[in-house]
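Visitor: Please show me how to read the features of this model, taking them in turn.

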Amino acid sequence: MGFDVASVRGLYASLGEEWTYLNAHDAPQVPVKVDGGIVRALRTANNRLSREESGSHRRLSARPRFEGDLYLAAARAAVADLVGATADRVVLGPSLEHLYRDLIRAMRPVLRYDSSVVLSRHDRPALHRALDTPAARTVVAEPDLATGLLPAGQYDDIVDRTTRLVSFPAAHDLLGTITPVKEIVSRAHAHSRLWVLVDATAYASYRLVEAEDWDADIIGLDFAALGGPQLGALVFRDPRMVRRLDALNPAAPEGSVLALESPVSAALAGGVAPLVEHIARLGGVGESGPRRARLKASAREVGRHFSQLARELVTFLASLPAVHVLGVSGEEGLDLEADRLPRLSFMVEGVPAETVQRRLTDNGLLTTLAPESLLLDAMGVREAGGAVTVSLAAFNRVKDVEHLTRAVASLA
């Protein structure tokens with residue numbers, strides 16, 4: 001079975017010949033299936049469900065239920081399938097940043113003046129700020145500035161018995177570098193009874209998340225960054241973990257992860273299950289059978305496509321003499337065969353980033369100026385005049401990369 005890019009492009013109504021979208025990290029295109037799910041949920045979320053059956057007698061539910069409840073339940077089940085978990089471990093929220101802040105609030109019983117939280121310069125700035133709490137000492141894990149990778153060995157030194165939470169992303173959203181999640185989790189757990197929180201958003205845009213393989217305590221997902229609705233989710237390794245936390249929703253069943261859930265739009269939740277179905281469909285595996293199995297089969301097919309795009313993207317741009325690809329160009333970072341996602345940020349020697357982006361836009365290529373980033377700031381990108389970020393999606397083709405390279409070469 002080969003990967004059919006043309007069929008994938010047909011799953012989006014926004015794609016045409018005028019623009020080539022290379023900005024999946026910033027403004028991912030929304031699939032038709034997701035649009036339809038949200039519109040349907042907007043129309044029906046407040047509809048009261050019909051009477052329920054109980055034996056041979058009909059009765060009205062003691063608590064009125066609405067179709068919106070079904071969309072929320074379907075969203076939790078879809079998230080569970082996406083990461084290989086169960087729905088009773090999923091917490092939905094208005095955004096991942098909001099969920100991170102709520103998690104810190106709920107962790108007050110375990111975050112004391114003598115405890116610490118380990119963050120990293122790989123974290124997205126908004127998520128980093130959400131976890132930087134005055135209730136505990138903050139320690140920051142440092143990336144390798146030549147390669148952009150997050151070394152696992154340092155966690156033996158910065159994690160100790162006072163550490164209660166370790167947070168990092170499974171992949172860097174602007175460089176495409178992949179974090180050794182399993183190794184960091186293992187090292188962190190060896191030093192303290194703590195929780196490891198992994199932002200899987202950038203990784204899940206291209207790879208299948210295996211919660212059991214990572215052994216992370218909490219996995220975070222931002223659906224808007226995946227081309228879905230403006231919602232986020234946390235997935236706990238064990239639902240019993242919430243017993244150690246303050247309940248934020250007193251109306252939730254005791255001991256349930258729903259005690260951490262803030263109210264979310266049922267209409268927006270109606271787009272989560274269609275998003276996961278869309279991801280399962282990308283590899284052309286059909287729509288029958290268990291969803292997790294279809295996600296695995298799809299990931300195998302689309303994974304080869306993404307690997308080719310990542311390889312071509314790095315090879316073509318890094319071959320231009322005046323182009324510096326962050327984490328790739330230079331003797332220490334140069335490894336064209338390294339496993340990475342089809343995302344990168346680059347600079348053109350002697351040319352401001354705004355000028356580079358303008359030239360690309362004039363050629364119908366939509367990219368972004370590299371946004372705020374703790375890692376890129378440490379690499380000196382801001383002082384150097386900024387960088388341009390490129391990120392590909394399943395509908396992109398090798399000819400898009402070639403088009404990009406020609407446009408950059410005209411400046412370099």
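**Sheets, domains and core**

Guide: Helix α3 lies across β4, β9 and β10, and runs at about 120 degrees to β4. Helices (H or I, at least four residues) and strands (E, at least two) are DSSP runs numbered from the N terminus. Angles run from 0 to 180 degrees between N-to-C directions, with axes fitted to C-alpha atoms, for helices over the stretch in contact. The model is predicted: local features need pLDDT of at least 70, side-chain atom pairs count only at pLDDT 80 or more, and totals for chains, interfaces and linings use all residues. Residues are numbered from 1 along each chain as its sequence is written, and side-chain values use heavy atoms, with hydrogens and water left out.

Visitor: In what order do the seven strands of the open sheet stand?

Guide: Strands of a sheet pair through backbone hydrogen bonds, either parallel or antiparallel. Here the order is β4-β10-β9-β8-β7-β5-β6, with mixed pairing; two strands pair if DSSP finds at least two bridges between them. Because β4 (90-93) and β6 (137-141) each have a single partner strand, they stand at the edges, and one side of each is left without a neighbour in the sheet. On average, neighbouring strands of this sheet are turned by 20 degrees against each other, direction ignored. Strands β9 (residues 218-222) and β10 (residues 232-236) run antiparallel and are joined by five bridges. In this pair, L221 stands opposite A233.

Visitor: What is the order of the four strands in the other open sheet?

Guide: That order is β11-β12-β15-β14, and the pairing is antiparallel. Two bridges join β14 to β15 (residues 388-391), and L369 stands opposite V388 in β15. Helix α12 (residues 291-318) packs on the sheet, where it touches β11, β12 (343-348) and β15; its direction makes about 10 degrees with that of β12.

Visitor: How is the protein divided into domains?

Guide: Domain 1 is 5-30 + 291-410 and domain 2 is 34-50 + 65-278; such bounds come from an automatic or database domain assignment. Their centres, taken over C-alpha atoms, are separated by 26 Å. Contact means heavy atoms within 4.5 Å, and 37 residues of domain 1 are in contact with 44 residues of domain 2.

Visitor: What area is buried between domain 1 and domain 2?

Guide: The size of an interface is often given as the accessible area lost when the parts come together. The value here is about 3,400 Å², of which carbon and sulfur atoms give 59%; the loss is summed over both parts, with a 1.4 Å probe. R291, R292 and L341 supply 22% of the area that domain 1 buries against domain 2, more than any other three residues.

Visitor: Which residues touch the most other members of the largest nonpolar core?

Guide: In soluble globular proteins, nonpolar side chains tend to be buried together. A nonpolar core is a set of buried Ala, Val, Leu, Ile, Met, Phe, Trp, Tyr and Cys residues joined through side-chain atoms within 4.5 Å. Buried means under 20% relative accessible area, exposed over 50%, and partly exposed in between (1.4 Å probe, protein chains only). The largest core has 102 residues, and Y155, F168, W214 and F346 touch the most other members. Helix α3 (residues 67-83) gives the largest share, eight residues. Both domain 1 and domain 2 give residues to this core, so it lies between them.

Visitor: Is N23 buried or exposed?

Guide: N23 is buried, with a relative accessible area of 9%. Its place is in the loop between β1 (20-21) and α2 (32-44).

Definitions and conventions: Buried area = accessible area lost by both parts, 1.4 Å probe.
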